[in-house]
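Trainee: I'd like to learn how to read backbone angles and surface features in a model like this. Can you walk me through a few?

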Amino acid sequence: MDTIASLFSFITTPVSWVIVQFHSVYGSLFGPDTGWAWGLSIVSLVILIRICLIPLFVKQIKATRAMQTLQPEMKKIQERYKNDKQRQSEEMMKLYKETGTNPLSSCLPILAQSPFFFALYHVLNGIASNDTIGVINEQLLESAQKAHIFGAPLAAKFTDSPEKVEALNSSLTDVRVVTAIMIVLMSLSQFYTQRQLMTKNVDTTVKTPFMQQQKMLMYVFPVIFAVFGINFPVGVLVYWLTTNVWTMGQQMYVIHNNPTPGSKAQAAYLERLSKHVAKHGKTRNRRERAIVKAIVAKGRDRNEYERKFINGLNKAGFAAQTDGTVVKNENGAVAQAEDGTTTTAAPKRQQPKRQPKSKRHSGAAKPAGEPTSLTKADDPQDAKPSGSKGNAKPAGNGSTRSRAQSGQRKGPQRPKSPSKK
């Protein structure tokens with residue numbers, strides 16, 4: 001570790017200068033030789049570094065979103081070359097190259113802050129070795145050696161010998177208890193951060209190498225921190241625990257407000273957004289309008305949660321527009337087409353009520369002047385010859401339907417044919 005830290009010695013002086021500036025501020029509040037002054041200086045260094053890395057974090061999110069958009073194409077490649085793993089890997093790499101995406105983009109924040117991590121390790125190791133380094137002079141070195149965090153010296157390690165710990169005015173038990181607790185917290189925070197990403201913010205409908213990579217990191221990183229953590233000074237453990245907590249909170253904010261399409265986080269977000277629109281009749285800010293605009297533009301390519309969101313707006317009497325706004329339909333009958341257009345549904349055609357069977361067969365007279373579909377026009381009929389076998393239709397009180405006599409079949413009767421002898 002000392003060899004690796006020496007490789008980043010070019011950044012040791014800036015890191016030590018930042019720590020000294022923060023120490024001068026906190027030292028005036030808590031005392032220059034206290035663990036609060038030096039511990040908060042390290043925490044402030046982490047916050048400053050992570051703020052500077054926010055543009056890189058935004059780039060990481062965009063790269064992750066780009067990977068998500070490639071999920072359908074990656075699934076097709078998997079199905080096409082499911083029996084040829086080598087060809088499948090080649091096609092995946094070709095797809096990454098054509099689209100300009102990088103499956104290792106999730107590691108960018110860790111790689112970017114690694115120089116600061118090793119520079120801080122180099123500074124704290126110099127304090128433990130009683131060596132001045134960077135802008136830390138002998139006076140600051142003596143002050144840092146007196147600083148204890150919960151009874152553990154700032155430069156002490158879990159693997160230090162009792163003699164070395166006693167030289168730092170502490171006990172081996174205090175050092176190992178404090179470092180063990182911090183190592184466990186550091187590993188758990190790293191595991192929870194990665195698990196939160198896998199369970200809430202990943203489209204689980206598509207199995208890709210990207211997801212396998214994330215799942216592997218979820219278990220590998222905590223083990224790495226636990227193994228190497230016993231060789232970290234207490235100050236470095238404070239640094240790494242702080243950056244893990246920052247990453248966890250930053251990721252929770254992103255998952256809550258800008259979830260990955262097709263994930264459980266998106267389902268929860270769209271449900272909250274739908275309730276807000278139904279209550280207030282509009283979206284709150286530009287971010288929500290951008291999400292609604294993207295959903296409308298997808299058309300037939302919407303996932304299950306997005307279709308449910310659009311249908312929920314329609315049932316509530318709202319329509320999502322192509323610019324991301326939400327408008328209310330006065331008629332309350334809004335239909336959202338698959339291509340994202342909004343149409344007004346025509347009212348349903350009402351069928352006439354069917355009369356009961358008793359009324360239909362009763363032959364009750366209808367009010368005068370009301371037409372009936374069962375009657376023919378009262379056209380004059382020519383008189384039939386007297387020799388005709390057909391019987392004339394009886395006229396009965398304006399009713400045009402003849403009643404069948406008892407024992408006879410309804411409808412016209414067929415004449416009987418003479419029997420042949």
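Mentor: Helices (H or I, at least four residues) and strands (E, at least two) are DSSP runs, numbered from the N terminus. Keep in mind that this is a predicted model: local features need pLDDT of at least 70, side-chain atom pairs count only at pLDDT 80 or more, and totals for chains, interfaces and linings use all residues. Residues are numbered from 1 along each chain as its sequence is written, and side-chain values use heavy atoms, with hydrogens and water left out.

Trainee: What is the phi of Phe150 near?

Mentor: Near 55°, a positive value in a residue other than glycine.

Trainee: Is Phe150 buried or exposed?

Mentor: Buried means under 20% relative accessible area, exposed over 50%, and partly exposed in between (1.4 Å probe, protein chains only). With a relative accessible area of 74%, Phe150 is exposed.

Trainee: Where does Asn169 lie?

Mentor: In the loop between α9 (162-167) and α10 (172-200). Asn169 has a phi near 65°, again positive in a residue other than glycine, and is exposed at 61% relative accessible area.

Trainee: Which residues does the UniProt annotation "transmembrane region" cover?

Mentor: The unreviewed entry gives residues 7-29, 35-58 and 217-241. UniProt positions are in the numbering used here, feature names are shortened, and annotations may be inferred rather than shown by experiment. In the model, residues 35-58 are 96% helix and 0% strand, with end C-alpha atoms 34 Å apart. For residues 217-241, the values are 84% helix, 0% strand and 18 Å.
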